[in-house]
Amino acid sequence: MTGKPSLHQLSRLLLAWYRENRRDLPWRNTRDPYAITVAEFMLHQTRVQTVLPYYQRFLGLFPTWASLAEASLDKVLKAWEGLGYYARARHLHELARRVCAQYNGQLPHSLDALLALPGIGPYTAGAILSICFSQDYPAVDGNAKRVLSRLFGIEADLSPSKATKHIQELAAQMLPPGQAGAFNQALMDLGATICTARQPACAQCPWTEACQARRLNIQEKLPLRQPRKTIPHDEIAAGVIWRDGFILIAQRPPHGLLGNLWEFPGGKREPGESLEECLVREVREELGIAIRVGQLLAKVRHAYTHFRITLYAYHCQYVSGEPQNLGCTAWKWVKPEELGEYAFPAANHAIIQTLQAAPQQQDKA
Ligand code: SF4
């Protein structure tokens, strides 16, 4: 190619590459807007390989909008357990209910109507409109931003909405009419397989001759990132509270981190407090009961997106009081073998595994 290629030529190069290198993924072998929307929700912030087994299982359990809308949120969270970012599952469930109640089980075909629905932002709306309904909308996620910022040599921090808007406008101008779905998916594939965050494979890239970042050898510097802030670290105490062979579990409030998931009661250690004192206080505040703290059962380290925790789980013995929903949505006494029926956050799974390896531990409380 001689001279600077036009946006149209760049699109053609990408589509030609996509025809040869397209990844064969289950959500690409269907035209069902429901199945494609489930995939888009799961793929947000999550790698394809992680999503694949969840996707197949989820569609087996909930094959239609109606089946998802009719399911309990507990069942949906259980199917999502381990995939993380649980707000996506709550929003998808709420979306199914709205699609059935408001749109007779069919996703609306307009941008404004989609953006008014739960869990659907500009990226997901663009993906649905272009892939399911063949409309000419861009779908710019983190991968696409990275690729386009390199292609056009955009040396600006992409966090401010102004810079992101500029990239979205470029993507919109590049869309080949009638082929936006293929273009958007091609951009996703290029970002996932060639123009990766580290060590992009520029020699295999269809844009290698046109790419500004490659010309200046600044591929890995783009997109510019904000310097990392120090990640806070919290110490959490949790209680496996025993009473007559049953264990008390509590359901988190519906909104916020890990909303509606079940957990072993407890909370964050305050300055000057021992872990045992913290646990007694948290359980009293959350459930209104008194406990006696026994042996340490497990110590678990876990990293969330913006903070890290060390979770100390103790065997505890119930002492007095009737549990109440003071800081939780619900509570239950369950047998150790019933714990698998509830959706727990990842950090609680190590506690469950330790318990299941040595279930007769109530004497340690
Ligand atoms: S040439 Fe390299 S940096 Fe540029 S878009 Fe292709 S893979 Fe990314």
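Let me start with Gln45, which counts as exposed at 57% relative accessibility. On the terms: buried is under 20% relative accessible area, exposed is over 50%, and partly exposed is in between, with a 1.4 Å probe and protein chains only. Gln45 is in the loop between α2 and α3, and it has a positive phi of about 65 degrees although it is not a glycine.

Before going on, this is a predicted model: local features need pLDDT of at least 70, side-chain atom pairs count only at pLDDT 80 or more, and totals for chains, interfaces and linings use all residues. Residues are numbered from 1 along each chain as its sequence is written, and side-chain values use heavy atoms, with hydrogens and water left out. Helices (H or I, at least four residues) and strands (E, at least two) are DSSP runs, numbered from the N terminus.

Staying in that loop, Thr46 also sits between α2 (33-43) and α3. Is Thr46 buried or exposed? Thr46 is buried, at a relative accessible area of 14%. Contact here means heavy atoms within 4.5 Å. Beyond neighbours within four places in sequence, Thr46 is in contact with Val51, Leu83, Tyr85 and Arg88. With Arg88 there is a side-chain polar contact of 3.1 Å. A polar contact is a pair of N or O atoms within 3.5 Å; within protein, one must be able to donate a hydrogen and the other to accept it, and residues adjacent in sequence count only if both atoms are side-chain atoms.

Now α2 itself. Nine of its eleven residues are buried, among them Tyr34, Ile36, Glu40 and Phe41. These buried residues pack against α3, α4 (65-70), α5, α6, α8 (122-132) and α11 (180-193). At the N-terminal end of α2, Asp32 is the cap, with a side-chain oxygen 3.0 Å from the backbone nitrogen of Tyr34.

Next, a helix pair. α3 (residues 48-61) and α5 (residues 73-80) pack at about 155 degrees, with their axes 10 Å apart. That makes α3 roughly antiparallel to α5. Axes are lines fitted to C-alpha atoms, for helices over the stretch in contact, and angles run from 0 to 180 degrees between N-to-C directions. Under 35 degrees counts as roughly parallel, over 145 as roughly antiparallel, 65 to 115 as roughly perpendicular, and the rest as oblique. Which residues meet? From α3 they are Tyr54, Arg57, Phe58 and Leu61, and from α5 Val76, Ala79 and Trp80.

His93 is buried, with a relative accessible area of 5%. Not counting residues up to four places away in sequence, it touches Leu68, Ala69, Ala71, Ser72, Leu73 and Val76.

Further along is α9 (residues 142-151), where seven of ten residues are buried, including Arg146 and Arg150. Their cover includes α1 (7-21), α10 (161-174), α11 and α12 (212-216). Asp141 caps the N-terminal end of α9, with a side-chain oxygen 3.2 Å from the backbone nitrogen of Asn143. After α9 comes Gly153, with a positive phi near 60 degrees.

Two backbone points to finish. Leu222 and Pro223 are joined by a cis peptide bond, omega about -5 degrees, and Pro223 is in the loop between α12 and β1 (233-243). Leu258, in the loop between β2 (246-251) and β3 (262-263), has a positive phi near 55 degrees. Leu258 is buried, at 12% relative accessible area.
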